[in-house]
Amino acid sequence: MTRRFLTETPANQTRPLTVGRAPVHDSWDQLQTLLGSALGPKHAALFAQPYAGTDGVGWMADTAAEPRPLSALPPEARAAALERAEALTADVAALAQRYASGKSAEDRRWGMMLDTIQQQPAGVPLEDRLWVAGDQPVLVQWGARDESTVSTGALLRETRAAPDPGITRIARGAAGAAPVLASGPVAASPWPWAWLLWLLFAAILAAILLVLVAACALNLPPSWQVFAYCPPEGRAEVVRAEGDALRREVDRLTLVALGAPRCDVDDPPRWAADRPATAAPPPPAPVPTPTDQPDPGPTEIDRAREDAGGAQGDVTVTLLWNGRSDLDLTVVCPSGQTMIGGASRCGGTIDIDQNRCSGRVSGNGSVCRTYFGTVSDNPIENGYFDADGGQEGTYSVRVRHYAASEVAPRTPVPWVVQLRDAAGARRFEGVVAPGETDDVTTFRLK
């Protein structure tokens, strides 16, 4: 399987839902284990992996096939993808109901979690939420809501019939059935005491305003200030300073938490003890490996290189990664010279070098303080080599982690390298730790 980037959704478009006090996106690993053991790998692969981006939420999927948005498919393929997605979501809905009716609090919590991940923002078109990789549908923006309405596992039914005006409601059918959207105005609350509660709430707010604000702000007579509290002079400045100090500490702890290593769950959870165990995924390859066959046609990496203004030669090497770390594409020539960003040696040129760090905190792999030029969240580096005028022999391609992002300074960075020559394009993937260098591949000229 290959980890592939699907899309990034803006932070102001939707709001992630929570179960208890934890965002449901934080439980993606546990949900994958539950769905894989209880239903199967295709049900687990239905939900794309979320990760925090700079300006929104990024979505990834483990798939050997190139993922495509639903809108890019022909009508027959779209209908088949929708049918497969509906079948998978129906199974997840039935599993949610089974857990929700369980006797233990843990089962009921998982039922709530499974019900929550089926909810989708109603204001985002289905074409922007559903991707297809081969025959596997993949949902993004799951477990989220917009500012108006929320739809559930029956979001796919919106392609069958347009809803009536009104407020979207969630209705459930028989046990094991998928949730169904029902539209129409919501009936007003029949409880006659609702208005009295609102009046009581308004009276309490008025009393608080009189006791805590008016006595000091309006300088009322002492008889009005029996229960009032006026902070001593200068106390407001002290409170503001303490609040600023607390905010700075929260920011520091947030950066520490983002850089901490993730906790891997080795043992199956208690709710999976009575189910057949699934095979453990194979460990990651110790060295990057290319795809089996070269791709002769243009790829998404070729398009990214062209958009960035990168050139193509007899041999072209392109590096992509995510985040604001500074990774370097380095090429060792047959003569032993090393090419790095902006250099032209031994018949080759590295013409694109994004997120180039101009000042680090300390040594190799430490946090970058300042950059040359604009910083990108989807950076790219590119080098090209021509047989005419180039050195004859073998060239070595490497990826170096030069400087870390301030957000996650100790986190290894995944990367993708494409090598394009006369035979086509070959793709290599790996993960490089701060301050380390990965050997990728070799190529020959002449």
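Which residues of helix α1 (residues 28–38) are buried? They are Trp28, Leu31, Leu34, Leu35, Gly36 and Ser37, where buried means under 20% relative accessible area, exposed over 50%, and partly exposed in between (1.4 Å probe, protein chains only). The cover over these buried residues of α1 includes α2 (41–44), β5, α3 (75–100) and α4 (105–117). After α1 comes Gly40, which has a positive phi near 140°.

The model is a predicted one, in which local features need pLDDT of at least 70 and side-chain atom pairs count only at pLDDT 80 or more, while totals for chains, interfaces and linings use all residues. Residues are numbered from 1 along each chain as its sequence is written, and side-chain values use heavy atoms, with hydrogens and water left out.

**Overall composition**

The protein has seven helices and 26 strands; helices (H or I, at least four residues) and strands (E, at least two) are DSSP runs, numbered from the N terminus. Of its 446 residues, 37% count as buried. Among the contacts in the protein with a separation of 6 or more, 71% are between residues 24 or more positions apart, a contact being heavy atoms within 4.5 Å. The accessible surface comes to about 25,200 Å², and carbon and sulfur atoms account for 57% of that area, as computed by the Shrake-Rupley method with a 1.4 Å probe, where for residues only the protein chains shown count as cover.

**Strand pairing**

An open sheet is formed by three strands in the order β1-β6-β5, with antiparallel pairing; two strands are taken to pair if DSSP finds at least two bridges between them. Its edge strands are β1 (3–10) and β5 (49–52), each of which pairs on one side only. From one strand to the next, the twist averages 30°, with axes being lines fitted to C-alpha atoms and angles running from 0 to 180 degrees between N-to-C directions. Within this sheet, β1 and strand β6 (residues 56–62) are joined in the antiparallel sense by seven bridges, and Glu8 has Gly58 in β6 as its bridge partner.

Strand β9 (residues 130–133) takes part in other pairings. With strand β7 (residues 68–69), β9 pairs in the antiparallel sense over two bridges, and Arg68 stands opposite Val132 of β9. With strand β10 (residues 136–139), β9 pairs in the antiparallel sense over four bridges, and here Ala133 stands opposite Gln136 of β10. The strands β9 and β10 form a hairpin with two residues between them, and Gly134 in the turn has a positive phi of about 70°.

In a regular strand the side chains alternate between the two faces of the sheet. In β9 both faces are covered, with Leu130 and Val132 buried on one side and Trp131 and Ala133 buried on the other.

**Salt bridges**

Side chains of opposite charge can pair when their charged atoms come close. A search of the whole structure finds twelve salt bridges, each defined as a side-chain nitrogen of Lys or Arg within 4 Å of a carboxyl oxygen of Asp or Glu.

| Pair | N to O distance |
|---|---|
| Arg78 and Glu127 | 2.8 Å |
| Arg305 and Asp302 | 2.8 Å |
| Arg305 and Glu306 | 4.0 Å |

The salt bridge between Arg78 and Glu127 ties together parts that are 49 residues apart in sequence, because Arg78 lies in helix α3 and Glu127 in the loop between β8 (120–121) and β9. Arg78 is partly exposed at 24% relative accessibility, and Glu127 is partly exposed at 26%.

Arg305 and Asp302, by contrast, both lie in helix α7 (residues 300–308), three residues apart, or about one turn of the helix. Arg305 counts as buried at 2% relative accessibility, and Asp302 is buried with a relative accessible area of 3%. Salt bridges that share partners join Asp302, Arg305, Glu306 and Arg420 into one network.

**A glycine in a loop**

Gly336 is found in the loop between β16 (326–332) and β17 (338–339). With a relative accessible area of 46%, Gly336 is partly exposed. Although Gly336 and Ser396 are 60 residues apart along the chain, their C-alpha atoms are separated by 9.7 Å.
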